[in-house]
Amino acid sequence: MAFCAVCGKKAVFKDCGFYLCKEHFSEKYEREVLASIKKYGMISEGDRICVGFSGGKDSTVLLSVLSKLDLGAELIAVTVDEGIAGYRNDTIAAAEKTAASLGVEHRIVSFTDLCGNTLDELLSKNPNQACSVCGTLRRRALNSAARDCCADKIATGHCMDDEAQSVLMNYLRGDITRITASQNTNSSELFIQRIKPLCRQTERSTVAYGIVNNLLEPLPECPYTKYALRADVRSWLGRMENEKPKTMRNIVDGQERLLKKIAPSKDAAVKMGVCKKCGEPTQNKLCAACTLLEKIL
Ligand code: SF4
Ligand code: ZN
């Protein structure tokens with residue numbers, strides 16, 4: 001049995017060669033999340049934060065840690081029901097339970113409210129594009145839900161693994177716009193700023209935090225996961241991280257340095273207009289969600 005390097009109690013997690021008990025591991029995890037929030041100026045006192053809350057592991061840990069930290073911000077959890085049979089109902093039930101136990105206001109918005117169809121219906125002819133359709137509509141649903149809540153920011157549970165996977169996926173697709181995207185500031189008040197308080201936490205430590213604090217319950221996996229390019233990138237990156245620890249941190253740090261180097265001047269802010277169809281912020285005539293729905297409906 002291993003013992004905590006700080007207090008000598010039974011260890012639950014090994015981090016950077018040190019064993020930690022539940023108390024000291026949780027304290028370290030929360031301290032690091034707070035440090036990221038401060039470093040990137042994510043949350044100010046009095047902010048209303050809309051937390052994208054799927055009920056899955058990462059967003060459950062996010063909501064729980066944000067409620068625990070003394071941030072002076074108000075939290076509203078929003079779950080997007082995409083309409084995925086055999087998956088979403090269980091995660092919504094878990095989300096309702098967690099939000100109630102934390103005393104956080106919880107709202108549910110659905111793809112059906114947004115466009116009249118469930119994700120299953122939208123994908124009936126072509127499930128291969130599942131995650132890009134799902135991601136585009138979910139961003140749209142969260143942005144308007146956050147506006148309805150009068151939120152200042154949208155917090156999502158993306159952790160360091162997601163960030164590193166996204167960087168690699170953008171390179172694999174040769175998508176220069178996305179590789180350089182976070183340098184763009186936009187000038188629309190309709191577009192709500194996104195923050196990722198877990199961006200410096202690994203998925204491994206996030207899941208461990210959820211388990212040792214009894215926050216997680218077994219949930220089904222989304223049936224469309226098998227179509228995701230992300231699934232291949234995740235497993236390749238997982239192998240690399242095992243063989244060469246800190247690979248993911250290097251990718252995320254490298255991306256941050258790249259964006260600093262190519263930072264545009266303030267007047268290069270992207271001018272945002274509004275979608276002719278739905279009124280959401282966009283640089284084009286139609287927003288990404290309306291463009292996509294025109295193609296598939
Ligand atoms: Fe949506 Fe893809 Fe995630 Fe399923 S795996 S919830 S389709 S993004
Ligand atoms: Zn639109």
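Contact here means heavy atoms within 4.5 Å. With that in hand, let us begin with one residue.

## Met 42 and its neighbours

Leaving aside residues up to four places away in sequence, Met 42 touches Ser 36, Ile 37, Asp 47, Lys 153, Ile 195, Lys 196, Pro 197 and Cys 199. Met 42 sits in the loop between helix H1 (22–39) and strand S3 (48–52); helices (H or I, at least four residues) and strands (E, at least two) are DSSP runs, numbered from the N terminus.

Is Met 42 buried or exposed? Met 42 is buried, at a relative accessible area of 5%, where buried means under 20% relative accessible area, exposed over 50% and partly exposed in between (1.4 Å probe, protein chains only).

## About the model

This is a predicted model, in which local features need pLDDT of at least 70 and side-chain atom pairs count only at pLDDT 80 or more, while totals for chains, interfaces and linings use all residues. Residues are numbered from 1 along each chain as its sequence is written, chains are lettered from A and ligands numbered from 1 in the order in which they are written, and side-chain values use heavy atoms, with hydrogens and water left out.

## The overall fold

The protein has 12 helices and nine strands. Its radius of gyration (over C-alpha atoms) is 20 Å, close to the 19 Å that the globule rule (2.2 Å times the number of residues to the power 0.38) gives for 297 residues, so the protein is as compact as a globular protein of that length. The C-alpha trace spans about 60 × 45 × 40 Å along its principal axes.

Of the 297 residues, 44% are buried. Among contacts with a separation of 6 or more, 74% are between residues 24 or more positions apart.

## Helix H2

Helix H2 covers residues 57–68, and its 12 residues reach 17 Å from first C-alpha to last, close to the 16 Å expected at 1.5 Å a residue (1.5 Å times one less than the number of residues). Nine of those 12 residues are buried, so H2 is largely enclosed by the rest of the structure. The buried residues include Asp 58, Val 61 and Leu 66.

## The zinc site

Which residues hold the protein donors of the zinc ion (ligand 2)? They are Cys 275, Cys 278, Cys 287 and Cys 290, each through SG, at 2.2 to 2.3 Å from the ion; donors are N, O and S atoms within 2.8 Å of the metal (3.2 Å for Na, K and Ca), and water is not among the atoms, so sites may look incomplete. Along the chain, the donors follow the spacing C-x2-C-x8-C-x2-C.

The site is tetrahedral, with angles of 105 to 115° among its four donor atoms (four donors count as tetrahedral if all angles lie between 85 and 135 degrees). Cys 287 and Cys 290 are buried.

Note on methods:
Tetrahedral: all angles 85-135°; square planar, octahedral: opposite > 155°, others 65-115°.
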